[in-house]
Amino acid sequence: MERQAVTAWPVTESREEDSLVSAARGGDRAAFGRLYDRYARMVHGILLARVPPREVDDLVQEVFLLALRQLHSLRDLSRFGAWLGTITRNRANDYFRKAIPHEKVTEPVSESQAESKTANNAVEQEAAVILAVVRGLPESYREPLILRLVEGMTGPEIATRTGLTHGSVRVNLCRGMQLLREKLAETTKGASSA
Amino acid sequence: MKDDYLWDGSGEPDREVQKLETALGRYRHNQLAPAFDQVAEIHNVKQPWNFFIFARQHYAG
């Protein structure tokens, strides 16, 4: 995929990151820890878009351990983020190969109800319902929306970390947000008429 | 631009986006990095999951 110029992230940061990846590949665990600090939110968000929230924290650690073990196979150091994203999505897919059927993310309503059972108050329940609606959106929308709304990443940061173009991230954020507004309005309307 | 706030947090704040950020922020990643410097020592152990057991004990304690 074509990679646009990144204005919000200076070249020095890119070079610094390449150095971190190179050092980590050479066995520098502190460098790998710094990569974790930079990419943990991305990995967490990608997983949260796909697997039940209660599973995400453990899977984040699994993904980074997998990445540490496979780092030697990364050819282009500048593609670390995209490479890590692929590992993360594959791990999420593996989760469903091993999980029982009813935990599929494609059943947002039932999952919403399940998550709501553990919610202690109305605010938490509302958050669980919103998250379930986001997770019910098409994949191309839910991932950038979760990175933006949950993880607090900006659009340029999402593009830089995931290796996607600014244009595609912006389009998916805007279209996804538009669809999310519609779905939330439907949910609210359905709840009030019930 | 209309979606500037959604894009990078600049421009006039979008109240609905802000509301969603507040509601969903509770799911945000907040874990410290595991002790990667310990991975090398147990990397060749037959049970790699020991790493996670170690990490949990390390941060639980």
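A salt bridge is taken here as a side-chain nitrogen of Lys or Arg within 4 Å of a carboxyl oxygen of Asp or Glu. By this criterion, A:Glu16, A:Glu17, A:Arg34, A:Arg38 and A:Arg161 are linked in a network of salt bridges in the structure described here, which is a predicted model. Over all chains, a search of the whole structure returns 17 salt bridges, and six are counted between chain B and chain A.

The fold of chain A is considered next. Chain A contains nine helices and zero strands, so that its elements, read from the N terminus, follow the order α-α-α-α-α-α-α-α-α. Of the 194 residues in chain A, 49% are buried, and the accessible surface of the chain amounts to about 9200 Å², with 51% of that surface belonging to carbon and sulfur atoms. When contacts in chain A between residues at least 6 apart in sequence are examined, 67% of them are found to join residues at least 24 apart.

Several salt bridges within chain A join separate helices. A:Arg41 pairs with A:Glu157, with 2.6 Å between the closest N and O atoms; this pair links distant parts of the chain, since A:Arg41 belongs to helix H2 and A:Glu157 to helix H8 of chain A, 116 residues apart. The two partners fall into separate accessibility classes: A:Arg41 counts as partly exposed because its relative accessibility is 25%, whereas A:Glu157, at 9%, counts as buried. A second pair is formed by the side chains of A:Arg91 and A:Glu62, which meet at 2.8 Å, N to O. This pair likewise links distant parts of the chain, with A:Arg91 in helix H4 (residues 80-98) and A:Glu62 in helix H3 (residues 53-70) of chain A, 29 residues apart. Both A:Arg91 and A:Glu62 are buried.

Helix H8 (residues 155-162) of chain A also holds A:Thr160, which is classed as buried because its relative accessible area is 12%, under the 20% limit. The side chain of A:Thr160 reaches the backbone oxygen of A:Pro156 at a distance of 2.9 Å.

A:Leu48 is part of helix H2 (residues 29-48) of chain A, and its relative accessibility of 2% places it among the buried residues. Leaving aside residues up to four places away in sequence, A:Leu48 touches A:Pro53, A:Val56, A:Leu131, A:Arg135, A:Ile146 and A:Val150 in its own chain, as well as B:Tyr27 in the partner chain. The C-alpha atoms of A:Leu48 and A:Glu143 lie 8.4 Å apart, although the two residues are separated by 95 positions in sequence.

The contact between the chains takes 36 residues from chain B and 44 residues from chain A. Together the two chains bury about 3700 Å², 64% of it on carbon and sulfur atoms. B:Trp7, B:Tyr27 and B:Phe36 supply 23% of the area that chain B buries against chain A, which is more than any other three residues; B:Tyr27 is also the chain B residue in the list of contacts made by A:Leu48.

Helices H1 (4-8), H2 (15-24), H3 (39-42) and H4 (50-60) of chain B are the elements that give two or more residues to the side of chain B that touches chain A. Helix H2 of chain B gives the most to this side, with seven residues. By residue type, the side of chain B that touches chain A divides into 20 nonpolar, five polar and eleven charged residues. Among the salt bridges between the chains, the side chains of B:Lys19 and A:Glu126 meet at 3.7 Å, N to O. Another joins A:Arg170 to B:Asp4, with the closest N and O atoms 2.8 Å apart, and runs from helix H9 of chain A to helix H1 of chain B. A:Arg170 counts as partly exposed, its relative accessibility being 21%.

Helix H2 of chain B carries the buried residues B:Val17, B:Leu20, B:Glu21, B:Ala23 and B:Leu24. The cover over these residues includes helix H6 (122-135), helix H7 (139-149) and helix H9 (166-193) of chain A, together with H1 of chain B. At the start of helix H2 of chain B, a side-chain oxygen of B:Asp14 comes to within 2.9 Å of the backbone nitrogen of B:Glu16.

Terms used: Residues numbered from 1 in each chain as written. Chains lettered and ligands numbered in written order. Predicted model: local features only at pLDDT ≥ 70, side-chain atom pairs only at ≥ 80, totals over all residues. Heavy atoms only, no water. Helix = DSSP H or I, 4+ residues; strand = E, 2+ residues; numbered from the N terminus. Buried < 20%, exposed > 50% of the residue type's maximum accessible area, 1.4 Å probe, protein only. Contact = heavy atoms within 4.5 Å. Buried area = accessible area lost by both parts, 1.4 Å probe. Nonpolar A, V, L, I, M, F, W, Y, C, P; charged D, E, K, R; others polar. Areas by Shrake-Rupley, 256 points an atom, 1.4 Å probe, with all protein chains shown as cover. Polar contact = N/O pair within 3.5 Å; in protein donor to acceptor, adjacent residues only side chain to side chain.
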